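Hi,

Here is the model I promised to pass on. Have a look at it first, and my notes follow below.

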Amino acid sequence: PFAEPAEAEKGRVISWNQVMPSVEGEYPRVSMRYIPMPCMHCDHPPCVQVCPVEATYKNPEGIVAQIYNRCIGCRYCTVACPYTRRFFNWYGPSWPEQRSWTEQDQTHRVMDQHLNPEVSVRPKGVVEKCMFCTQRLREVQERSRKEKRAIRDEEVVRLPACCQTCPSEARYFGDLDDPTSTV
């Protein structure tokens, strides 16, 4: 959900993938780096250990996932996450009124471009997190299963939205246990 500036000041913004600036060196030799802070999908995730209803779990691929309609909103996982990558959903599902503008004789629907029918709408009062776009991974798994073949590296290397949209292609996704993977 969208958070107005007043709500953002209260810490009510959902930002699954934050990019943190890091200043290195001393004046006058200073450089800036940008470090992504997604969910780290921990080997032994504390958020899974504290969830009283098993809404958060680690799937067979090693992704820390969540069953949103099982979440009771207790926020134990939010407190347990050492990377602060869990976000409580303070708002009910809503979509801003349609706005459009004309640019070079083309009308663009701003918000419609962000709708994704493959992702479930989460209700107010649950905790959210990045799940590496598991719906995309399931689609690739289904296709490879139907074609009776293994998943290829090129099918997944840019699979999550964060990897797909990274302008410098600095992000990769894949199987850490596969020595031939780009990862």
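Predicted model: local features only at pLDDT ≥ 70, side-chain atom pairs only at ≥ 80, totals over all residues.

What joins strand 1 to strand 2? A hairpin does, through two residues. Residues are numbered from 1 along each chain as its sequence is written, and side-chain values use heavy atoms, with hydrogens and water left out.

Back to the strands (DSSP runs of E, at least two residues, numbered from the N terminus, as are helices, which are H or I runs of at least four). Strand 1 (residues 18-26) and strand 2 (residues 29-37) are paired antiparallel over nine bridges; pairing takes at least two DSSP bridges. P21 faces Y34 in strand 2.

Next, the core. A nonpolar core here is a set of buried Ala, Val, Leu, Ile, Met, Phe, Trp, Tyr and Cys residues joined through side-chain atoms within 4.5 Å. Buried is under 20% relative accessible area, exposed over 50%, and partly exposed in between (1.4 Å probe, protein chains only). The largest core has 12 residues, among them Y68, F88 and M131. A second, separate one has 10 residues, including C39, I63, V140 and L159.

F88 is worth a click. The whole structure has two aromatic pairs, counted when ring centres of Phe, Tyr or Trp (its six-membered ring) lie within 6.5 Å, with planes under 30 degrees apart called stacked, over 60 edge-to-face and the rest tilted. F88 and W90 have ring centres 4.8 Å apart and planes at 80 degrees, so they are edge-to-face. F88 is buried at 15%, whereas W90 is partly exposed at 28%. Both rings also have a charge over them (NZ of Lys or CZ of Arg within 6 Å of the ring centre and within 35 degrees of the normal): R75 over F88 at 4.1 Å, and R12 over W90 at 3.8 Å.

R12 also forms a salt bridge with E7, at 3.1 Å between the closest N and O atoms. The cut-off is a Lys or Arg side-chain nitrogen within 4 Å of an Asp or Glu carboxyl oxygen, and the count comes to 12. E139, R143, E147, R149 and E155 form a network of them. Within it, E155 meets R149 at 2.8 Å and R143 at 3.8 Å. R143 is in helix 4 and E155 in helix 5 (residues 153-156), so that pair ties together parts 12 residues apart in sequence.

Cheers
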